[in-house]
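Work through the exercises below with the coordinates open. Each task is followed by its solution.

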Amino acid sequence: MRDASQVEQHCRYSLYPMTRPILALDADGVLVDLHIGYARAWQQAFGVALAERDPLAYWPADRWEVERLDAERRLQLRAQFERPEMWESLPAIAGAIDACHRLHDAGYELICVTALEARFQSARLHNLKALGFPIRRVVATGHAEGERSPKADAIAALRPVAFVDDYIAYLRGMPTEVHTALVLRAPNGSPNVGDELKLARSVHQDLADFADHWLGTPAAR
């Protein structure tokens with residue numbers, strides 16, 4: 001939990017002057033469930049409802065019983081992810097909405113920093129608002145693999161007190177003053193292993209667990 005002097009210093013020097021310190025949150029895997037979105041996209045593309053294979057799989061294609069696709073059918077599936085409607089209709093992860101309200105009620109401004117392409121930024125914001133998240137701003141950075149997170153510049157500009165993501169590679173290159181928190185989410189096939197785990201200053205099962213840690217007061221469940 002942050003003390004009063006840290007909160008005051010953040011508010012004074014933020015590039016976006018606000019009355020609240022900022023918490024930056026990833027979306028897919030932290031706020032909303034892309035696995036369900038993947039299954040919906042498959043059904044839209046091929047008219048087949050997927051059966052679940054491994055509820056503890058990290059990647060959507062490992063969670064569901066999916067067939068191997070040829071190039072043409074891969075494009076057919078990918079086309080579903082090019083529709084704004086896809087990103088406007090993802091369900092919330094269990095406990096995430098309540099965790100966000102707890103953090104918001106404790107005095108934090110919540111901003112979603114997502115690796116979606118910028119053209120889907122408004123769709124993502126619409127989705128979060130419709131679900132009841134107390135989030136009024138989304139920053140879409142696009143996705144890229146590399147030695148530095150595609151989200152690093154956005155985090156440097158926002159200067160949040162903490163950033164929460166479920167993909168360890170997206171914690172690369174974060175400003176040292178930002179508390180980096182990793183949500184593990186699902187263990188099977190997870191990329192969140194090895195030496196890079198040291199990039200996370202705290203590790204949590206989900207956003208509710210992060211809220212417990214950050215606020216220092218576990219919610220009644």
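**Exercise 1.** Leaving aside neighbours within four places in sequence, which residues is Leu77 in contact with?

Solution. The model is predicted: local features need pLDDT of at least 70 and side-chain atom pairs count only at pLDDT 80 or more, while totals for chains, interfaces and linings use all residues. Residues are numbered from 1 along each chain as its sequence is written, and side-chain values use heavy atoms, without hydrogens and water. Take contact as heavy atoms within 4.5 Å. Leu77 then has Tyr38, Ala41, Trp42, Ala45, Phe46 and Leu69 as contacts.

**Exercise 2.** Find the order of the strands in the open sheet of six strands.

Solution. Strands are DSSP runs of E with at least two residues, and helices are runs of H or I with at least four, numbered from the N terminus. Two strands pair if DSSP finds at least two bridges between them. The order is β3-β2-β1-β4-β5-β6, with parallel pairing. β3 (138-140) and β6 (202-204) each have a single partner strand, so one side of each lacks a neighbour in the sheet.

**Exercise 3.** Which way do the residues of β1 point, and are they buried or exposed?

Solution. Buried means under 20% relative accessible area, exposed over 50%, and partly exposed in between (1.4 Å probe, protein chains only). Ile22 and Ala24 point one way, Leu23 and Leu25 the other, and all are buried.
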